[in-house]
Amino acid sequence: NRFYNDAIRYLDEAEKRNPHFTGIWDLRARLYYSVNDIILPDGQEQSAILLQKIIDANPLSVNSRIGLANIYKQQMEFQKAHEILEEGLRWPRPKVQSELDLMLLASQSRKQMGDIKGHDELITEATARAKDYGLLN
């Protein structure tokens with residue numbers, strides 16, 4: 001519990017110094033999620049609320065989008081997870097691993113929602129990008 005309180009104190013201080021940096025919010029959301037049912041009885045819910053706030057403030061936040069989609073999947077809210085992932089595909093994404101992660105999760109979501117053609121198209125695009133980035137031969 002002491003480590004949690006220290007982490008909250010440091011996050012509060014960081015947010016005071018840079019209140020609009022959504023990366024701090026993302027760290028807080030991940031902390032809430034990590035202590036769900038251990039320290040915070042509603043940590044997962046608080047995490048989801050904060051991740052949505054991050055996405056609203058910065059739609060380009062790929063990692064927050066992935067985190068929120070994963071929470072929705074755990075809650076068996078597959079349509080919400082699908083919508084969050086699909087919306088993320090409409091925004092420009094950094095050419096790094098998180099872009100490929102988003103594309104792969106969205107393709108899995110498409111398959112789960114019955115869109116096999118959409119799944120295959122997104123897998124093909126993700127594979128091509130991974131090759132372009134030098135991640136695949």
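Why are R30 and D26 separated by about one helical turn? They sit four residues apart in helix α2 (residues 22–34), and so about one turn of the helix lies between them. Helices here are DSSP runs of H or I with at least four residues, numbered from the N terminus.

Before going further, a word on what you are looking at. This is a predicted model, in which local features need pLDDT of at least 70 and side-chain atom pairs count only at pLDDT 80 or more, while totals for chains, interfaces and linings use all residues. Residues are numbered from 1 along each chain as its sequence is written, and side-chain values use heavy atoms, with hydrogens and water left out.

Back to our pair. Side chains of opposite charge can pair when their charged atoms come close. The side chains of R30 and D26 form a salt bridge, with 2.6 Å from N to O; the term stands for a side-chain nitrogen of Lys or Arg within 4 Å of a carboxyl oxygen of Asp or Glu. R30 is partly exposed at 35% relative accessible area, whereas D26 is buried at 11%. Buried means under 20% relative accessible area, exposed over 50%, and partly exposed in between (1.4 Å probe, protein chains only).

Take E99 and R129, whose side chains meet at 2.1 Å, N to O. E99 is buried, with a relative accessible area of 1%, while R129 is partly exposed at 24%. Through shared partners, salt bridges join R93, E99, E125 and R129 into one network.

Another salt bridge is formed by E86 and R110, with their closest N and O atoms 2.6 Å apart. The two lie 24 residues apart, E86 in helix α5 (residues 78–89) and R110 in helix α6 (residues 97–112). Both E86 and R110 are buried.

The axes of α5 and α6 come within 9 Å and cross at roughly 135°. Axes are lines fitted to C-alpha atoms, for helices over the stretch in contact, and angles run from 0 to 180 degrees between N-to-C directions. The contact (heavy atoms within 4.5 Å) includes F78, H82 and E86 of α5 and L102, M103 and R110 of α6.
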